[in-house]
Amino acid sequence: MKTVSLGGVEIPVLGLGTWQVKDEACSDVVRAALESGWTHIDTAARYENEKAVGKGLRAASAARDSYFLTSKVWHDQLEPEKLIQACEDSLDRLGLEHLDLYLIHWPNPRVPLKEQIEALLEVRARGWTRAVGVSNFTADLVREAQDLAGGQLALNQVEYHPFLSQEKVRAALDAAGMGLTAYAPLARGAVSEDETIRDIAKRHGKSAAQVGLRWLVQQDNTLAIPKTSNPARLAENAAIFDFELSEAEMAALTALGGERRRTIDPDFAPDWDDA
Ligand SMILES: NC(=O)c1ccc[n+]([C@@H]2O[C@H](COP(=O)([O-])OP(=O)(O)OC[C@H]3O[C@@H](n4cnc5c(N)ncnc54)[C@H](OP(=O)(O)O)[C@@H]3O)[C@@H](O)[C@H]2O)c1
């Protein structure tokens, strides 16, 4: 599996999303993923599936250093003592000694960012996670957070797919030495319906979903975490490293970003750069 080096750790560029997958279905797909070569799993306290993810990890009998596990702290737990407790609770539910990456799930302007970042660095100093980062941070917030962290944040996890350009966040991340993890990388299924992407896919003998994922991981310091609850799709979504999109094909997908189609926009979201 291709990896990128960010925040002092090697991170597999392809991970399994687990939002809205719970209980047995969650344990089963996590187990099937690890058993079929996936090495990166994305969860969060908010997904209420950390116990099921932990069960799946144990069922696969995978060595701890053979997979990369990300979890996240919800935005109402960002006061330092709450964040530290939230991380310990995630570890308990997962049944792990440490995470690989711990993220602030959404920004919360009611808690000073300096305190949030100090608490993140504290959980890393305690050995509870190997790396730290943020999610749903705008370009301005990325700059501020990475400054406060002294350059130690690994990445920002944001919505990113061919229909949502993220050029401002991307530029801020590049300048800050951070990566971008694309969530909703399949635009929650819409990538499979797009004619431009389907045409390119036909040329390569691939599915539209594979082309959408390939477009992401072919960009520098870019990771993707497609979700599937269907073990049969695990093989499809992983088979994206045996072909390459041409410059023209990359540009054709990038051009779709002008649509600015955002699928996740809760009322507590920050003022997006594309608003
Ligand atoms: N940080 C955040 O705030 C945040 C927000 C949203 C998501 N996330 C993370 O990002 C992950 C992915 O995002 P997402 O779950 O919202 O959306 P997504 O990965 O873009 O799309 C998932 C949808 O695509 C379908 N799908 C999967 N593989 C497919 C394929 N090969 N062909 C056609 N359809 C396919 C899935 O159906 P099946 O399950 O039936 O296969 C599901 O309906 C989440 O699970 C979560 O881990 C993070």
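# Briefing: fold, core and ligand shell

Of the contacts in the protein chain between residues at least 6 apart in sequence, 75% join residues at least 24 apart. The model is predicted.

**Overall dimensions**

- The radius of gyration of the protein chain is 18 Å, which agrees with the value near 19 Å that a compact globule of 275 residues would have.
- Along the principal axes, the C-alpha atoms of the protein chain fill a box of roughly 55 × 40 × 30 Å.

**Burial and core**

- Of the 275 residues in the protein chain, 50% are buried.
- The largest nonpolar core counts 81 residues.
- Y102, V142 and A145 have the most contacts inside this core.
- Leaving out residues up to four places away in sequence, A145 touches L113, I117, V134, F137 and L153.
- One of these partners of A145, V134, is also the bridge partner of I104 in the sheet.

- Strand β6 (residues 99-104) and strand β7 (residues 129-135) run parallel and are joined by five bridges.
- Within this pairing, I104 has V134 of β7 as its bridge partner.
- In a regular strand, side chains alternate between the two faces of the sheet.

- Strand β1 (residues 3-6) pairs with strand β2 (residues 9-12) in the antiparallel sense, over four bridges.
- T3 has P12 in β2 as its bridge partner.
- Two residues lie between β1 and β2 in this hairpin.
- G7, in the turn, has a positive phi of about 60°.

**The ligand shell**

- The ligand has 28 residues around it, of which G17, W19, Y183, L186 and K227 come nearest.
- By class, the shell around the ligand consists of 10 nonpolar, 13 polar and five charged residues.
- Helix α9 (residues 231-238) gives the most to this shell, with three residues.

How values were computed
Residues are numbered from 1 along each chain as its sequence is written. This is a predicted model: local features need pLDDT of at least 70, side-chain atom pairs count only at pLDDT 80 or more; totals for chains, interfaces and linings use all residues. The radius of gyration is taken over C-alpha atoms; the globule rule is 2.2 Å times the number of residues to the power 0.38. A residue is buried if 20 or more other C-beta atoms lie within 10 Å of its own, exposed if 12 or fewer, and partly exposed in between; C-beta atoms are placed from the backbone. Two residues are in contact if their C-beta atoms, placed from the backbone, lie within 7 Å. A nonpolar core is a set of buried Ala, Val, Leu, Ile, Met, Phe, Trp, Tyr and Cys residues joined through C-beta atoms within 7 Å. A residue is near a molecule or strand if its C-beta atom, placed from the backbone, lies within 6 Å of it. Ala, Val, Leu, Ile, Met, Phe, Trp, Tyr, Cys and Pro count as nonpolar, Asp, Glu, Lys and Arg as charged, and the others, Gly among them, as polar. Two strands pair if DSSP finds at least two bridges between them.
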